[in-house]
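Subject: Structure handover and notes

Hello,

Here is the structure I said I would pass on.

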Amino acid sequence: MSISSQTIHHDILRSLHFLHIPKTAGTSIRTWLMDLYSEKDWLPCHFLEELETFTSEEIKKYHFFSGHLGINWYDKLPNPPHTFTWLRQPLAREISQYYYIKNTIDFLLSLSHSPLKADYLNAVHHLSMSELYKSSAYLGFYDNLQVRFLAGIFPQKQQEPIYCDDNILNIAKENLLNLFFWGICELMEDSVALFNYSLGIPPRPLNRSLNKREKANIDYKPSEEECNIIQKCQSL
């Protein structure tokens with residue numbers, strides 16, 4: 001059952017954007033929020049390349065935006081939407097992404113649009129963890145991924161590597177603090193409760209079981225040395 005728009009701040013309901021960083025419970029959060037809208041209000045795209053096929057006039061008809069769209073497309077709307085995101089402990093997020101790719105490599109390579117480049121997907125598929133996190137397919141494109149998304153840097157748009165520094169980190173921090181809301185996966189219950197309050201709606205449970213496929217049929221677990229390598233790549 002959808003929640004009536006009378007139970008939520010009207011201006012927020014009419015312009016809500018979920019900045020989805022990969023492997024941060026995004027599928028569960030997006031599905032949970034879709035109940036607030038009728039189907040005609042959801043922009044039917046999840047990737048930046050898909051968004052670019054819509055005109056500004058077409059995009060203005062929608063009120064709920066969700067996906068790997070970034071924060072640099074707001075010129076297509078009369079007013080910037082209320083943007084929110086979820087963050088995750090960097091090592092846990094990276095390992096989750098690694099196993100997810102390992103388990104769904106054929107599906108991911110078949111997608112016409114993705115925030116993950118084919119050379120990176122193939123590197124995950126063929127290289128060991130130690131090799132991957134030192135490779136040119138990863139460094140300069142996928143290290144410090146949450147910082148990159150918050151700073152408006154997206155691997156699928158990069159032709160050359162961009163190495164994160166304190167300047168990029170400061171841009172990410174400023175953008176994060178300017179968001180309508182941000183939650184933390186490791187504090188999901190509290191984050192969801194606060195988000196409900198921020199939206200002005202009654203408490204609603206979140207189904208966290210969606211899209212949890214990354215560990216299926218994967219027996220290998222990273223060693224302490226490999227975890228240290230990953231953490232260095234996520235130091236910001």
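The notes below cover the sheet, the helices on it, the aromatic rings and the nonpolar cores.

Please keep in mind that this is a predicted model.

Sheet

The model contains an open sheet of four strands in the order β2-β1-β3-β4, and the pairing is parallel. Its edge strands, β2 (64-67) and β4 (181-184), each pair on one side only. On average, neighbouring strands are turned by 15 degrees against each other, with direction ignored. Strand β3 covers residues 82-87 and is joined to β4 by four bridges.

Helix α2 (residues 26-34) lies across β1 (16-19), β2 and β3, and runs at about 165 degrees to β2. The buried residues of α2 are Gly26, Ser28, Ile29, Arg30, Trp32 and Leu33. Their packing partners are β1, β2, β3 and also α10.

Aromatic rings

The count of aromatic pairs comes to 17. In one of them, phenylalanine 84 and tryptophan 86 have ring centres 6.3 Å apart and planes at 85 degrees; planes over 60 degrees apart count as edge-to-face, so this pair is edge-to-face. Phenylalanine 84 has 0% relative accessibility and counts as buried, and tryptophan 86, at 0%, also counts as buried. Tyrosine 98 and tyrosine 99 form another edge-to-face pair, 5.6 Å centre to centre with 70 degrees between the planes. Here the cut-off for buried is under 20% relative accessible area, so tyrosine 98 counts as buried at 4% and tyrosine 99 counts as buried at 2%.

Ring pairs also link a cluster made up of Phe18, Trp32, Phe84, Trp86, Phe180, Phe181 and Phe195. Trp32 of this cluster is also among the buried residues of α2.

Two lysines sit over tyrosine rings. Lysine 23 lies over the face of tyrosine 100, at 4.2 Å from the ring centre. The charged end of lysine 221 is over the ring of tyrosine 99, 5.9 Å from its centre.

Nonpolar cores

Which residues touch the most other members of the largest nonpolar core? They are Leu51, Trp73, Ile101, Tyr120, Leu132, Tyr133 and Leu150, out of 52 residues in that core. Two or more residues each come from α3 (48-51), α5 (90-110), α6 (118-126), α7 (129-132), α8 (145-151), α9 (166-177) and α11 (224-233). The element that gives the most to this core is α5, with eight residues. Apart from this core lies another, of 18 residues, including Trp32, Leu33, Leu36 and Phe64. Of these, Trp32 and Leu33 are also listed among the buried residues of α2.

Leaving out residues up to four places away in sequence, leucine 150 touches Leu19, Ile21, Ile71, Thr85, Leu87, Ile171, Ala172, Asn175, Leu176 and Leu179.

Regards

How values were computed
Residues are numbered from 1 along each chain as its sequence is written. This is a predicted model: local features need pLDDT of at least 70, side-chain atom pairs count only at pLDDT 80 or more; totals for chains, interfaces and linings use all residues. Side-chain values use heavy atoms; hydrogens and water are left out. A nonpolar core is a set of buried Ala, Val, Leu, Ile, Met, Phe, Trp, Tyr and Cys residues joined through side-chain atoms within 4.5 Å. Buried means under 20% relative accessible area, exposed over 50%, partly exposed in between (1.4 Å probe, protein chains only). Contact means heavy atoms within 4.5 Å. Two strands pair if DSSP finds at least two bridges between them. Axes are lines fitted to C-alpha atoms, for helices over the stretch in contact, and angles run from 0 to 180 degrees between N-to-C directions. Rings of Phe, Tyr and Trp (its six-membered ring) pair if their centres lie within 6.5 Å; planes under 30 degrees apart count as stacked, over 60 as edge-to-face and the rest as tilted. A charge sits over a ring if NZ of Lys or CZ of Arg is within 6 Å of the ring centre and within 35 degrees of the ring normal.
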